[in-house]
Amino acid sequence: MQFVEANGARIPQVGLGTMTLKDDICVQAVKTALEMGYRHLDTAKFYENEKAVGEGLRASSVKREDVFVTTKIRHLDLKPDDFARALDEQLKALGLSQVDLLLIHWNNKDLPLKDSIAALCKAKKDGKTKHIGVANFTVAMLEEAGKLATEPLVCNQIEVHPFINQDKVIAASKKLGMAVVAYCPNVRGKASDITPLERIGRAHGKSWAQVALRYLVQQGMIPIPRTATPAHLKENIEIFDFELSAAEMAELKKLNAANMRVVSPAWAPVWDTP
Ligand SMILES: NC(=O)c1ccc[n+]([C@@H]2O[C@H](COP(=O)([O-])OP(=O)(O)OC[C@H]3O[C@@H](n4cnc5c(N)ncnc54)[C@H](OP(=O)(O)O)[C@@H]3O)[C@@H](O)[C@H]2O)c1
């Protein structure tokens, strides 16, 4: 496993996304993934699976301290008291005294960012998380958060895959020393037949999904693909033994002209334009 270092954190460069994985399917996916070599798990209160993620972690043969666990606080729980209560409940569900990374899942436009960032920093000071970060932050929000935070922000978790242009927010994250954790890295499984990913993959003996993930890894990003299918779990970590050429990277980069955003709920911010 390769790692990305950012503002004091050392993050395994591929993680297991768990959104939609529930109950025993989630327990088994986490256990199988860890035993295959994954060392990074991504969950959230919103996914209603923190208990199953914790069970999968304990069911595996991998030690807790060798796994990087991320969870997130919902936008509805960002008032300071709500934040602290939600975090305690989430740690209890996970069966952990501390997570490795705690993120604001989405900013809440109706609450001052100052208060949400203060609650996030307090969670770190209280020892409930090793590191803190944000998700779905735009350039302006990142700049404001960077000024407000009294503890280092280690990542911005955002949608990144070959079909979206996130150049501005990626540059702003890097400028602040933050890693970019890429969600929907496999475009929810829908990228294979509409793109050159499959053709490029064939040239390397890899699948379209491995090309999509490798494209992110070669730019220093951290993809967190989600699957419970053992063959896909295996594919998604076997991405460190081949290299896309500069020409292949350039061809993939051109696909971002589609600027296809998969995730944009009602509470999303006004996104940066390309
Ligand atoms: N911060 C946020 O707001 C936010 C938003 C969205 C997601 N996330 C996080 O990011 C994770 C990943 O994003 P996502 O779940 O939305 O989308 P994703 O990982 O891009 O796509 C998941 C889909 O890809 C398919 N897939 C995975 N590996 C594959 C492979 N090797 N070959 C073919 N198909 C493959 C899966 O199908 P099978 O099940 O059939 O393998 C599944 O249908 C989430 O699970 C969650 O942890 C965070």
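**Strand pairing, core and ligand shell**

In strand β9 (residues 179-183), Y183 is the bridge partner of E159. The structure is a predicted model, in which local features require pLDDT of at least 70 and side-chain atom pairs count only at pLDDT 80 or more, whereas totals for chains, interfaces and linings use all residues. Residues are numbered from 1 along each chain as its sequence is written.

Strands β8 and β9 pair in the parallel sense over 5 bridges, pairing being assigned if DSSP finds at least two bridges between two strands. Helices (H or I, at least four residues) and strands (E, at least two) are DSSP runs numbered from the N terminus. On the other pairing of β8, 3 bridges join this strand to β7 (residues 129-135), and the two run parallel. Within that pairing, I132 stands opposite L153 of β8. Strand β8 (residues 153-159) is largely enclosed by the rest of the structure, because 7 of its 7 residues are buried; a residue is buried if 20 or more other C-beta atoms, placed from the backbone, lie within 10 Å of its own, exposed if 12 or fewer, and partly exposed in between.

The strands β7 and β8 form a right-handed unit with helix α5 (residues 139-148), and β8 and β9 form a right-handed unit with helix α6 (residues 167-175). A crossover is right-handed if, with the strands pointing away from the viewer, the path from the first strand over the helix to the second runs clockwise.

The largest nonpolar core comprises 82 residues, of which V30, V154, A179, V180 and A182 touch the most other members. Its largest share, 8 residues, comes from helix α8 (residues 208-217). Such a core is a set of buried Ala, Val, Leu, Ile, Met, Phe, Trp, Tyr and Cys residues joined through C-beta atoms within 7 Å. Apart from neighbours within four places in sequence, V180 is in contact with C155, N156, I158, V160, I170, S173, M221 and I222 (contact: C-beta atoms, placed from the backbone, within 7 Å).

The ligand is surrounded by 27 residues, the closest being G17, Y183, G189, R226 and T227; the criterion is a C-beta atom, placed from the backbone, within 6 Å of the molecule. This shell divides into 11 nonpolar, 12 polar and 4 charged residues, where Ala, Val, Leu, Ile, Met, Phe, Trp, Tyr, Cys and Pro count as nonpolar, Asp, Glu, Lys and Arg as charged, and the others, Gly among them, as polar. Helix α9 (residues 230-237) contributes the largest share of the shell, 3 residues.

Terms used:
Contact = placed C-beta atoms within 7 Å.
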